[in-house]
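Here are a few friendly notes to read alongside the structure. Each point takes up one topic.

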Amino acid sequence: MEVRSRAPGKIILAGEHAVVHGSAAVAASIGLYTSVSVRLYSPNDNDDTLTLHLMDVGLEFSWPIGRIKEMLPDSVNNDASSPATCCEETTKLILTALKDFKIPDAKIGIASGVVAFLWLYTSILGNKAAEVIVSSELPLGAGLGSSAAFCVSLSGALLALSDSVQVDFDQEGWVSFGEKDQQLANRWAFEGEKIIHGKPSGIDNTVSTFGNMIKFKSGVLTCIKSSMTLKMLITNTKVGRNTKALVAGVSELVEKEQRIRELMEMNQGLLQCMGVSHASIETVLQTTRKYQLTSKLTGAGGGGCVLTLLPALLSATVIDKVIRELEQCGFQCLIAEIGGNGLECRFDGRS
């Protein structure tokens, strides 16, 4: 049996630093996804291993089921309906076992993600042999919620293969979970995020699970429903960040877009005054400003990604020119709609 799932990344539209001091922040899902495929082996496959393929970083991990039982003996008593926290001792045991794979130094940050994978897999599905394939449209470490999208997508696929959620896979195309099952997937994903980040806020995995927009204030997350379609150019400066250190009609649409532009300009100005911009970010701002486009950093700043609002009436020719100029600076450009669906699943190869 095989199931596929996908979960979106996220951007911070406003309040990325003010939220630390008790003010509100607004985040939104983006139309760039991390996908997970899980195929459970049948007795006819004669394969008693759990294999993980990380396609985008070119890494593969494989464990005999017997080895997993030795390493995680409690996994035989898994309860998918009750998310559990991975203790520090278990994390160390898994990390020690990963030394056998000799992960390259340049990719050592992947290790915590593999720990999260093993914990989520065995906690939800126990010791079943399977092949898991992960691929993503999200750049790693760019502040777009790639780790949360991984944890959410993985949790969704695993739960879909368990008896803990109800998903109608007779429907064509991608299928969304019901609210109760979304909440369960979100709680499991948060456990994975804790393994990877230590003390995450929960906003990344919540946006990835539920989609659309999320308001976050003083630890309280509120879903915001919006029918307005926004498209953003996301420019990845490829500059590493240290988050801890930096902490209706056309006329109506144009009017709304103008208000959004004003808010983005105001937000970026405040962030610049706080000193969390970067030379690479300023290059993006200057480039897009030449085309009368509004941009702002997203996330911690000091590098990472920059958002540029693409008005509905903006010509494709202008967009191509902007992207070409930014790419000549060595940046990576991605176009995505904002505020779309969250976690979705499907069986087999349905599209």
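1. Is C151 buried or exposed? C151 counts as buried because its relative accessibility is 0%; buried means under 20% relative accessible area, exposed over 50%, and partly exposed in between (1.4 Å probe, protein chains only). Please keep in mind that this is a predicted model, in which local features need pLDDT of at least 70 and side-chain atom pairs count only at pLDDT 80 or more, while totals for chains, interfaces and linings use all residues. Residues are numbered from 1 along each chain as its sequence is written, and side-chain values use heavy atoms, with hydrogens and water left out.

2. C333 is in no disulfide, and the nearest cysteine sulfur, belonging to C329, lies 9.1 Å away. C333 is also buried, at a relative accessible area of 15%.

3. Next, have a look at the largest nonpolar core, which has 61 residues. Such a core is a set of buried Ala, Val, Leu, Ile, Met, Phe, Trp, Tyr and Cys residues joined through side-chain atoms within 4.5 Å. The members that touch the most others are V38, L50, W63, F117, Y121 and V132. Helix α3 (residues 110–125) supplies the largest share of this core, 12 residues; helices here are DSSP runs (H or I, at least four residues) and strands are runs of E (at least two), numbered from the N terminus. A second, separate core of 22 residues includes A149, L230, I234 and A336.

4. Setting aside neighbours within four places in sequence, E191 is in contact (heavy atoms within 4.5 Å) with P83, A84, T85 and C86.

How values were computed. Disulfide = S-S within 2.5 Å.
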